[in-house]
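Work through the exercises below with the sequence and the structure open. Try each task before reading its solution.

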Amino acid sequence: MVVQKEKPTVGIVIAAAGRGTRAGQGCQKAYRRLKGDTVINRVLKLFRAWNTQYPIVVVHHIDDSSLVDACIDRDDSIYTTTGGAERQESVLSGLRFLSTLESPPSHVFIHDAARPFAPPSLLDRIMDSIVKDPSVGVIPAIPVSDTLKRVDSNGLITETVSRESLFRAQTPQAFELVTILDVHERVAASSSSTNYTDDASLCEEAGFPVRIVLGDSQNIKLTYSVDFEEAEQRLRSNSLARSTVPDVRVGHGYDTHRLVPGVEIILCGVKIPHKSSLLGHSDADVGFHALTNAFLGTIGAEDIGSHFSPNDPRWKGASSDMFLQHAANLVAQAGATITHCDVSFICEAPRISIHRDAMRDSVSRIIGLDRSRVSVKAGTNERNGFVGREEGILAIATVTAVFP
């Protein structure tokens, strides 16, 4: 008999006890307003849009009790508590609060109050990692693309640092509640003066495994005044893109992979039992590869191989949703709004129609587009050519993007 694992439950800790006034206006940045709403309330709304039930604990400065009450929209599962002088003290306060609930969650997402743009697809990736391996912590991170330099006190370069295997960490960072609570308690009880800048670093020091999932370029941290100016511009651009259609661009993508003996294939993120598998350096998801090229086409970018080389060992066996999310992020950075995606498969088998809705859901979840704007179709090649001989599968994709 197969024993079903219980699905992890999640609580959310929002770290908002800092005195971060570098953003200007003389107040903590979490309480500044962006297009009429406070940053902290936007953070709460993004988690509530993702899940309406999970408990959320806002950890604020002891002097900000009245301010936080005035700046957030509460519901029965949103709580507040006070934090400490350092970030880890504040996070510990939130973890302790979660652990005292009548039904404590199995896991916790720890998020910066100054990150109001984390998309649902990012939260889904973190949750998927927890479901797959509940005992391993997970953080979102973005590969470092800039050349890194180490300098001395006079500003002179002393070394060029290899960016190989370097990533920029983001939040939310997710862990088993009992594990991360124990790690924080041990740090609090020690005489260590280390000021940890994120929670993964505590786990690393304690020897607990933490893995990364692909972060999101939209998930910026608001720190300086210029960050708020850029955030206001982004919100204005998004509103304009939704209300007008001044610049519509269409990208096309094509991909094909060879079929080899196997037991399943992956198409648009959906695993399908089959007598063959698709051959490729990554997971060979021909649907996502064609879509990725179509996304890149809307901004005139180079093709998927230029961004994720088949000769790079980092992408060996990689899940192609990383590639699609990367391309979608680039389109968003260009200021565009994706309005429609279409994927057509040409194959003799498997039968696509019975998996069509699952594929639409998969695409919709990754790029944050309503399923009604995602199309998946298929046709045979009438037994002609390599497709007709069932030697491979071909996919053609079209993406429509609206630019302000």
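**Exercise 1. Which residues line the largest cavity, and how do they divide by class?**

Step 1. The lining consists of S135, V136, G137, F175, E176, T179, C203, F208 and P209. This is a predicted model, in which local features need pLDDT of at least 70, side-chain atom pairs count only at pLDDT 80 or more, and totals for chains, interfaces and linings use all residues. Residues are numbered from 1 along each chain as its sequence is written, and side-chain values use heavy atoms, with hydrogens and water left out.

Step 2. Sort by class: five are nonpolar, three polar and one charged. (Ala, Val, Leu, Ile, Met, Phe, Trp, Tyr, Cys and Pro count as nonpolar, Asp, Glu, Lys and Arg as charged, and the others, Gly among them, as polar.)

Step 3. The structure has one cavity of 30 Å³ or more. (On a 1 Å grid over the protein atoms alone, a cavity is a set of points where a 1.4 Å probe fits but cannot get out; a pocket is an open set with protein on both sides within 12 Å along at least five of seven lines; lining residues have an atom within 4 Å of a point. Points are joined across faces, edges and corners, and a volume is the space filled by probe spheres set on them.)

**Exercise 2. Describe the second largest pocket.**

Step 1. Its volume is about 920 Å³.

Step 2. There are 30 lining residues, and K132, V213, S319, D321 and M322 are the closest to the pocket centre.

Step 3. Elements giving two or more residues to this lining are α4 (120-132), β7 (137-143), β12 (210-214), α10 (321-333) and α11. (Helices, H or I of at least four residues, and strands, E of at least two, are DSSP runs numbered from the N terminus.)

Step 4. By class, the lining has twelve nonpolar, seven polar and eleven charged residues.

**Exercise 3. What is the strand order in the open sheet of five strands?**

Step 1. The order is β16-β13-β19-β17-β18, and the pairing is mixed. (Two strands pair if DSSP finds at least two bridges between them.)

Step 2. Find the edges. β16 (276-278) and β18 (374-379) each have a single partner strand, so one side of each lacks a neighbour in the sheet.

Step 3. From one strand to the next, the twist averages 20°. (Axes are lines fitted to C-alpha atoms, for helices over the stretch in contact; angles run from 0 to 180 degrees between N-to-C directions.)

Step 4. Look inside the sheet. β17 (residues 337-346) and β19 (residues 392-403) run antiparallel, joined by nine bridges. C341 has V399 in β19 as its bridge partner.

Step 5. Place the helices. α8 (residues 286-298) touches β13 (247-261), β16, β17 and β19, and its direction makes about 155° with that of β13. α11 (residues 356-367) touches β17 and β18, at about 140° to the direction of β18. (Contact means heavy atoms within 4.5 Å.)

**Exercise 4. Describe the β8 and β9 hairpin.**

Step 1. β8 (residues 148-151) and β9 (residues 157-161) pair antiparallel over four bridges.

Step 2. R150 is opposite E159 in β9.

Step 3. Five residues separate the strands; in the turn, G155 has a positive phi of about 85°.
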